[in-house]
Amino acid sequence: MSSPVEQITVVSSDGDEFKMTVAAAMQSEQLKQMLTDDSISIVKVPVENISTEILVKVIEYCQKHADHEAATKANGGGASDSEAEELNKWDAEFMKVDVEDKLFHILMAANYLEIKGLFDLACQTVADLIKGKTPKQIRKIFNLKNDFTPEEQERLSRQHNCSFD
Amino acid sequence: MSKVLGFTGIDDFFPGGSIYANPKEPSLLLSLGRHVDLYFPPQKRSRISASLKRSHINDPFPLSGELFEAEKKQTSIENLPDECLFEIFRRLPTGQERSLAACVSKRWLWLLSNISKDEICSHEKTSYENDVSGEEADVEEFGGGGCLSRDLEGKKATDVRLAAVAVGTASRGGLGKLSIRGGDSGCAVTNLGLRAVAHGCPSLKALSLWNVTTIDDEGLIEIASGCPQLKKLDLCCCPTISDKALIAVAKNCPNLTELSIESCPRIGNDGLQAIGQFSTNLRSLSVKNCTHVGDQGIASLFSSASFLLTKVKLEALTISDLSLAVIGHYGKAVTDLALKCLPNVSEKGFWLMGNGHGLQKLNSLSVASCQGVTDIGLDALGRGCPNLKHLYLCKSAFLSDYGLASFSKVALSIESLKLEECHRITQVGFFGVLFNCCVKLKALALISCFGIKAQNLVLPSVSPCQSLQSLSICNCPGFGDAAMALVGKLCPQLQYVELSRLEGVTDSGFLALLLNSDAGLVKVNLSQCVNLTDKAVSSIATKHGLTLEVFNLDGCKKISDVSLMAIAENCPLIWDLDVSGSAITDAGVTALAGGSMFHLQILSLSDCSLVSNKSLPALRKLGETLLGLNIRNCKAINSRTTGKLSEQLWRCDILA
């Protein structure tokens with residue numbers, strides 16, 4: 001094991017540097033791999049696909065969850081219900097992003113860095129957006145094109161009892 | 001994805017950074033992993049959206065900066081790799097949600113159709129007010145009991161359709177039966193479509209693929225692993241399916257009960273061997289025209305098949321005597337056996353089959369175009385199958401009167417016997433059957449046996465055959481009045497008689513047979529008997545009017561109104577009357593309407609050129625009970641009348 005590093009630096013695609021505690025970095029499987037691998041001595045980790053805006057959010061999430069984990073450990077194992085609920089509330093607030101674009105970027109960042117919790121959270125948030133909407137509404141929200149032929153549309157709408165438009 | 005059409009010089013007017021020159025369309029089902037290519041950081045944009053183009057149709061190079069800012073809100077859900085979208089879809093809780101999402105775009109449809117039951121997330125960690133059991137029920141209803149059935153044919157059979165079926169049926173009770181028929185124009189279904197079905201329809205019970213050349217083993221193997229409840233498999237004209245797929249089905253679908261393979265040249269002995277080994281629930285097997293299936297496959301299947309295989313059909317195969325010997329020995333549960341066109345089977349094969357003593361439960365045997373059915377072969381079968389009730393022999397050129405007679409002596413259980421195109425049989429053989437089987441034989445049919453010729457037969461005095469209820473003699477030109485009279489004497493209990501295309505029989509012959517029946521005729525079919533006249537029909541109607549239900553005089557050119565009047569007066573129970581191609585006129589139809597035919601449901605007057613529009617009132621009256629009316633080719637009835645009839649007889653199916 002290399003000498004424990006307190007913090008690591010991640011560099012966004014825009015070139016901005018951010019410091020992350022090791023505990024926070026361990027939330028990401030990718031970073032965890034790098035940190036526990038003796039043969040690599042890491043000081044600065046470039047994450048070329050993630051912009052500053054998104055990286056800030058990701059680090060915030062990792063930090064919060066790392067702190068929560070540490071607190072749980074200190075309390076001797078199980079997280080109490082109220083603490084778990086508080087974390088969930090924080091997560092919900094966290095995912096309230098102003099622009100939907102951000103949501104997908106966070107999702108992809110979580111995928112790339114293999115941050116399971118954030119990835120699940122982001123996917124669930126998108127799923128909740130899709131839930132309860134008609135195909136037309138979904139297409140409007142996400143700006144998607146309907147690429148079915150008229151016959152296929154008719155078939156599908158008959159089959160699924162939904163109106164296309 | 002929005003597309004920009006006819007647009008050039010993209011690089012020039014973008015304020016910052018470069019643009020992806022060639023954003024890739026995510027291909028169907030491509031698992032991209034963490035491909036960076038599709039990741040679009042917010043300030044880079046790939047293209048101008050279509051809405052911009054709409055507002056600036058004539059000006060393809062808008063320079064205003066504000067416009068770009070306004071368009072900055074461009075979502076990139078389409079840029080998510082498949083695996084991310086998949087993860088999102090997994091979290092849609094109900095089938096209904098997934099169905100709606102499937103209607104959004106083809107890509108979404110594909111991804112959703114590939115979600116299998118195990119991959120749906122049930123919500124564990126989030127605190128929900130709704131009952132958790134409700135949500136679990138949603139996950140469980142995936143696939144359902146398989147009560148839905150879908151048929152895809154020709155051009156409409158596409159992968160998209162299959163994906164839609166997979167998604168749509170999953171939450172509505174599940175797909176139970178699927179049939180895909182490639183038409184003449186070909187079929188667009190590929191392995192991808194079958195994979196969608198495999199993932200989305202775990203309750204699939206019956207699959208039928210006809211003429212589908214665009215799939216291969218991969219697709220069927222997916223179905224085998226995704227649909228373990230498969231019971232029926234029907235493959236016809238699938239040249240790309242081989243033993244590999246059949247082996248997979250045999251191993252993964254233990255509930256397989258019915259298997260039918262026709263014209264699949266790549267399926268052979270190995271596939272059948274696997275079926276014999278693993279499909280212990282197989283009850284019905286049909287193999288037709290598969291050039292690679294030989295003795296080894298059939299033999300190994302039968303020798304390892306369990307005691308459930310009851311129905312077997314083998315047609316147009318190169319199997320030899322060996323296979324029949326194996327069937328004769330191991331076919332302990334077989335009740336129905338049909339063999340057709342087996343050119344390599346000789347007399348020995350049938351002899352071995354009968355002497356194997358394994359076909360104890362055989363009830364019904366049908367052998368067509370097999371030269372091995374000779375006197376010896378048939379005799380062995382008669383002895384070896386003590387429970388044989390129904391026998392149908394077609395094109396057995398070598399079977400003679402002697403063989404038939406000896407068979408009828410030893411086949412003690414035989415109830416129905418049908419001979420078609422057995423040209424060595426003469427009247428001797430025919431009457432021999434009537435003598436020997438007089439205890440149990442209920443039905444006898446002789447079709448197109450040209451060996452029957454007028455003979456001066458002196459019959460021994462025998463008691464008449466009391467058990468024979470049904471007699472069919474069709475297209476045996478040598479059958480004449482004398483023979484009819486003899487038959488009449490011997491068969492007094494006839495109820496169902498078919499004497500069609502007998503040009504050698506006149507009224508006296510018909511009457512000799514038909515008036516002799518003590519039991520009362522229920523169904524009489526005298527179609528194409530051109531010598532039949534009104535006199536005979538009237539006599540029949542009078543004698544058997546109280547029992548007659550079906551009367552077919554199709555093509556009896558000499559029949560006229562007199563017959564119809566006799567029928568109208570005497571036959572209140574008739575529900576099916578066919579006088580097509582006869583000489584009846586409007587008067588006859590009117591008489592029919594005026595009679596006591598309160599049960600008439602089906603009436604056929606096609607090709608009666610003397611029936612005209614004047615019959616309209618009569619037909620209307622008859623139509624009160626009619627369910628089917630055939631007035632095709634009635635040249636004197638015009639379309640106006642037909643139209644009126646269709647309007648007024650709304651319950652009746654009219655063919656015009």
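**A friendly note on chains A and B**

1. Chain B contains 24 helices and 20 strands; helices (H or I, at least four residues) and strands (E, at least two) are DSSP runs, numbered from the N terminus. Keep in mind that this is a predicted model, in which local features need pLDDT of at least 70, side-chain atom pairs count only at pLDDT 80 or more, and totals for chains, interfaces and linings use all residues. Residues are numbered from 1 along each chain as its sequence is written, chains are lettered from A and ligands numbered from 1 in the order in which they are written, and side-chain values use heavy atoms, with hydrogens and water left out.

2. Of the 656 residues in chain B, 54% are buried, where buried means under 20% relative accessible area (1.4 Å probe, protein chains only). Among contacts in chain B with a separation of 6 or more, 82% join residues 24 or more positions apart; a contact means heavy atoms within 4.5 Å.

3. How many disulfides are there over all chains? The search finds zero, a disulfide being a pair of cysteine sulfur atoms within 2.5 Å. For B:Cys227, the closest cysteine sulfur is in B:Cys201 at 6.5 Å, too far for a bond. For B:Cys449, the closest is in B:Cys476 at 5.0 Å, also too far for a bond. B:Cys227 is buried at 0% relative accessibility, and B:Cys449 is buried at 0% too.

4. Now look at helix H3 of chain A. Its buried residues include A:Ile54, A:Leu55, A:Val58 and A:Ile59. Among the elements covering the buried residues of H3(A) are strand E1 (7-11) and helix H4 (81-94) of chain A.

Key: Buried < 20%, exposed > 50% of the residue type's maximum accessible area, 1.4 Å probe, protein only.
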